[in-house]
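User: Hi, I have a structure to go through. Can we take it piece by piece?
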Amino acid sequence: MSKVRVRQAPSPTGKLHIGNVHTFLFNYCFARSVGGEVMLRIEDTDQARNKPEYVEDIKDALTWLGLTWDGEPEFQSKRHNNYSEFAEQLLKSGDAYQCYHSAEELDAERKAQEAKGQAPRYSGECRQLSPEQLEKYRAEGRKPAIRFRMTGEGRPKEITYQDLVYGQIKYDPEDIGDFVIVRSDNSILYNFANVIDDHGDHITHVIRGQSHLTNTPRQILIYQALGFDVPEFGHLPEILNPDRVGKLSKRYGAAAATEFRAKGYLPEAIVNFLGSLGWSHPQGQEFFTLGEMVSSFSFERVSKSPAALDLEKLDFLNAHYLRQGGNQEALDAKLAQMFGDKAAQVKPLLIDRISKITDIDALAGYLINDPAKPKFKFSDFNKVLSLTALKVPKIDPWTKENIEKSLREVQSKSEVGPKDFFVTIGQAVSGSDIFLPLFDSLEILGQEETLKRLQRS
RNA sequence: GGCCCGUUCGUCUAGUGGCCUAGGACGUCGCCCUUUCAAGGCGAAGAUCACCGGUCCGAAUCCGGUACGGGCUACCA
């Protein structure tokens with residue numbers, strides 16, 4: 001077999017969707033695990049909806065995640081696969097034929113078939129048009145579409161192939177019926193274009209979402225009719241919404257890869273998370289890097305059933321990788337922006353308490369912003385606050401060790417329990433029931449600010 | 001309607017005829033640690049393996065059917 005080569009073929013009609021990333025991840029892991037190549041083919045033929053910024057978003061997202069491709073991205077629009085030449089070839093060989101039925105006629109036919117409880121399929125009537133009929137259609141000014149012939153001469157009774165994930169799959173060509181490959185306006189349909197593109201790009205393994213499973217028999221026959229080598233096919237389980245209702249859609253949080261990045265997620269976490277959707281590590285490892293996924297990837301371990309997105313698990317993984325030291329640049333940048341030269345001091349306090357970078361604002365905002373008005377749990381909070389306010393100006397030097405020592409002294413003489421005492425100070429200073437370790441917080445706030453907050457409360 | 005695919009704790013999954021009184025992870029709950037919240041440690045609850053039948057000494061695992069879900073059945077991709 002020639003060298004393995006896979007492709008990812010996103011359309012730049014929107015930001016790169018996390019479902020596409022999942023497919024690309026599996027393509028990538030498979031290809032890299034056998035030393036193969038990955039190509040990026042931008043399917044930008046939908047001129048109405050394409051935007052150049054989405055091309056950038058796609059490249060940006062994949063690069064961020066470490067899902068690299070070989071060579072330059074190919075743009076479907078910029079090359080001239082001669083689709084019509086191949087269509088011509090199929091016409092000549094009798095593998096395809098011109099069909100003069102209008103969309104309205106086909107629609108009516110379909111409805112009539114359905115009404116009779118029959119399978120709605122094209123009759124194949126135009127396979128053999130009499131010269132008179134042909135003349136009549138032409139006289140009417142009809143433009144033909146091109147249909148691929150699924151049955152008859154040279155066609156198997158049964159289309160069988162080994163899916164990399166699903167194993168042996170069988171189809172009866174009779175059930176599929178002749179389908180259009182070139183529209184009457186000469187534009188090309190997906191099933192046809194895809195075969196020619198993949199062949200032109202020397203793709204050896206087509207790995208895509210499960211929804212393409214039933215496209216496969218059509219494409220296999222096109223490959224054969226054109227005399228192309230048929231690639232291997234592997235179909236991946238779809239990703240469902242968190243409630244398992246339907247395919248992943250935008251309604252549920254961020255669906256675009258770069259939106260996950262904006263929300264503070266780490267590439268390591270996204271990769272690990274997506275990798276555990278529909279695939280499992282052979283040693284049962286719950287945490288794995290892209291490299292580890294590559295080295296242990298096999299289609300045997302790819303699941304056949306769809307998986308729902310579980311954002312809580314993503315958060316867990318993100319927190320894990322954050323603590324492991326992933327993506328320090330983004331974290332450090334955020335800390336520096338918020339806390340300036342105190343960033344290094346705040347970081348260790350924060351790292352165990354957040355699951356993503358954007359959680360910092362809610363948790364540590366009080367260190368740089370005015371806190372909300374606290375609701376004290378301890379009824380005699382005034383006593384605690386005044387005792388503390390009295391002591392604070394005398395604490396010197398203003399270090400957390402010294403602050404702790406001094407305030408513990410005050411507490412022990414106060415007849416207030418340590419919990420009530422220190423939680424009250426924490427609440428006064430942070431305006432919240434949740435705050436970073438108290439003495440560190442006070443040190444960072446500074447003597448003056450601490451006093452101000454105690455007195456105001 | 002026809003064809004194709006799927007169905008193990010709430011979620012992601014392990015499992016390829018006996019090691020399964022079904023394992024792990026997230027989440028949930030409890031305990032420890034602790035001035036709060038986390039992190040960490042320990043523990044608990046949670047799955048009649050969709051259902052029904054069959055094969056077998058023995059089935060989550062093999063076979064058949066049913067139900068449910070998804071896909072295709074387009075001059076969509």
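User: Where is P397 found?
Analyst: P397 sits in the loop between α16 (381-391) and α17 (400-414). Keep in mind that this is a predicted model.

User: What kind of peptide bond joins D396 and P397, cis or trans?
Analyst: Cis. Omega is about 0 degrees there. For background, most peptide bonds are trans.

User: How confident is the predictor in chain A, then? What's the average pLDDT?
Analyst: Chain A averages a pLDDT of 92. In chain A, 98% of the residues score at least 70. For the complex, the predictor gives an ipTM of 0.95 and a pTM of 0.93.

User: New topic. What is the order of the strands in the open sheet?
Analyst: The order is β4-β5-β8, three strands with antiparallel pairing. The edge strands are β4 (96-99) and β8 (179-182), and each pairs on one side only. From one strand to the next, the twist averages 45 degrees.

User: How many bridges join β5 to β8?
Analyst: Three bridges join them, and β5 covers residues 145-148. Take F148: its bridge partner in β8 is F179.

User: And Q98, which strand is that in?
Analyst: Q98 lies in β4. Beyond its neighbours within four places in sequence, Q98 is in contact with C126, P144 and I146.

User: Why does Q98 count as partly exposed?
Analyst: Because Q98 has 18 C-beta neighbours inside 10 Å. Buried would take 20 or more, and exposed 12 or fewer.

User: Now phi. What is the value for N186?
Analyst: Phi of N186 is near 75 degrees, which is positive, and N186 is not a glycine. Most residues other than glycine have a negative phi. N186 is in the loop between β8 and α7 (190-200). N186 is exposed, with 12 other C-beta atoms within 10 Å.

User: What about the phi of H202?
Analyst: H202 has a positive phi too, about 55 degrees. H202 is in the loop between α7 and β9 (205-209). H202 counts as partly exposed because it has 14 C-beta neighbours inside 10 Å.

User: Let's move to the RNA. How many residues surround RNA strand B?
Analyst: 60 residues surround RNA strand B. The closest are A119, R183, Y190, S305 and A307.

User: Which element gives the most to that surface near RNA strand B?
Analyst: α18 does, with five residues. Elements supplying at least two residues include α4 (103-115), β7 (167-171) and α12 (311-324).

Terms used
Residues numbered from 1 in each chain as written. Chains lettered and ligands numbered in written order. Predicted model: local features only at pLDDT ≥ 70, side-chain atom pairs only at ≥ 80, totals over all residues. pLDDT = per-residue confidence, 0-100. Pairing = 2+ DSSP bridges. Helix = DSSP H or I, 4+ residues; strand = E, 2+ residues; numbered from the N terminus. Axes fitted to C-alpha atoms, helices over the stretch in contact; angles between N-to-C directions. Contact = placed C-beta atoms within 7 Å. Near = placed C-beta within 6 Å.
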